[in-house]
Amino acid sequence: FDFDGLILDTETPLFDAWQRIYDHFGLPPITVTEWAHSLGRGDDDPELLDPAARIVELTNGAVTAADVQAQRRRVRDDLLDDQPIQPGVLELVAEAEERGVALAVASSSPWDWVGGHLEARGLHGRFPVVECAGAGRPGKPDPAVYLAACRALGVDPAASVALEDSPHGATAAKRAGLSCVAVPTELGRELDFGHADAVVHTLASVDVAAIRSLIGRPAS
């Protein structure tokens, strides 16, 4: 499982938080296209959008990036408090556990972010392995986190399936040798997932058997 957008929709609250801050400063909003370009990328990716730096530039240094980030965190955290676990996640995890399917989280976000949210929602113990970017490990679209997750589980990537919400995440999974089922969020619905093995609207529409049947079929 990817984390951001797949288990918990952290992307929409973060996007909305930045939009509120841009509006506060009277600045043009970030476009969905700009935001989507960064979905799934690691924090160290040079192509990652830096909304705080843009505010500093557009306000001619009237505020610092640290101040802007502090405002963004407060707004984002308020919005995140109301975010439920994504539809179908709990049911799919429970079925996988019952069937003895090995589970892991592979994320571009840092461990404290992913682990903290899993813990707060009672999910931490449900995933024996949580592999994240950071400490020299690159984020997606690099395959490192998926390769690390498969090693930790002792499974063959070619016999594994990644569940992803972003094209960059799907790229990471395919580069690591996994099959990939894409589950885009609202922000990512119009993006290109042609390299995924299948695309579904929500995890609530699939079970373990359905996911297995999707692998090897053209994306749809």
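What is the handedness of the crossing in which helix 3 passes helix 4? I looked, and the crossing is right-handed. By that I mean that the near helix is turned clockwise from the far one by less than a right angle.

**Ground rules.** I am working on a predicted model, where local features need pLDDT of at least 70, side-chain atom pairs count only at pLDDT 80 or more, and totals for chains, interfaces and linings use all residues. Residues are numbered from 1 along each chain as its sequence is written, and side-chain values use heavy atoms, without hydrogens and water. My helices (H or I, at least four residues) and strands (E, at least two) are DSSP runs, numbered from the N terminus.

**Helix 3 on helix 4.** I checked residues 51–58 against residues 65–80: the axes come within 9 Å and cross at roughly 125°. Helix 3 is therefore oblique to helix 4. Angles under 35 degrees count as roughly parallel, over 145 as roughly antiparallel, 65 to 115 as roughly perpendicular, and the rest as oblique. Axes are lines fitted to C-alpha atoms over the stretch in contact, with angles from 0 to 180 degrees between N-to-C directions. Helix 3 brings A52, I55 and V56 to the contact, and helix 4 brings A65, V68 and Q69. Contact means heavy atoms within 4.5 Å. I sorted these residues by class: five nonpolar, one polar and no charged. Ala, Val, Leu, Ile, Met, Phe, Trp, Tyr, Cys and Pro count as nonpolar, Asp, Glu, Lys and Arg as charged, and the others, Gly among them, as polar.

**Helix 1 on helix 4.** Next I took helix 1 (residues 11–24). It packs on helix 4 at about 130°, with the axes 8 Å apart. That makes helix 1 oblique to helix 4. This crossing is right-handed. On the helix 1 side I noted residues including L14, W18 and I21; on the helix 4 side, V68, V75 and L79 are among them. The classes here are nine nonpolar, three polar and four charged.

**Backbone.** Most residues other than glycine have a negative phi, and most peptide bonds are trans. N60, in the loop between helix 3 and helix 4, has a positive phi near 55°. The K140 to P141 peptide bond is cis, with omega near 15°. P141 sits in the loop between strand 2 (129–132) and helix 7.
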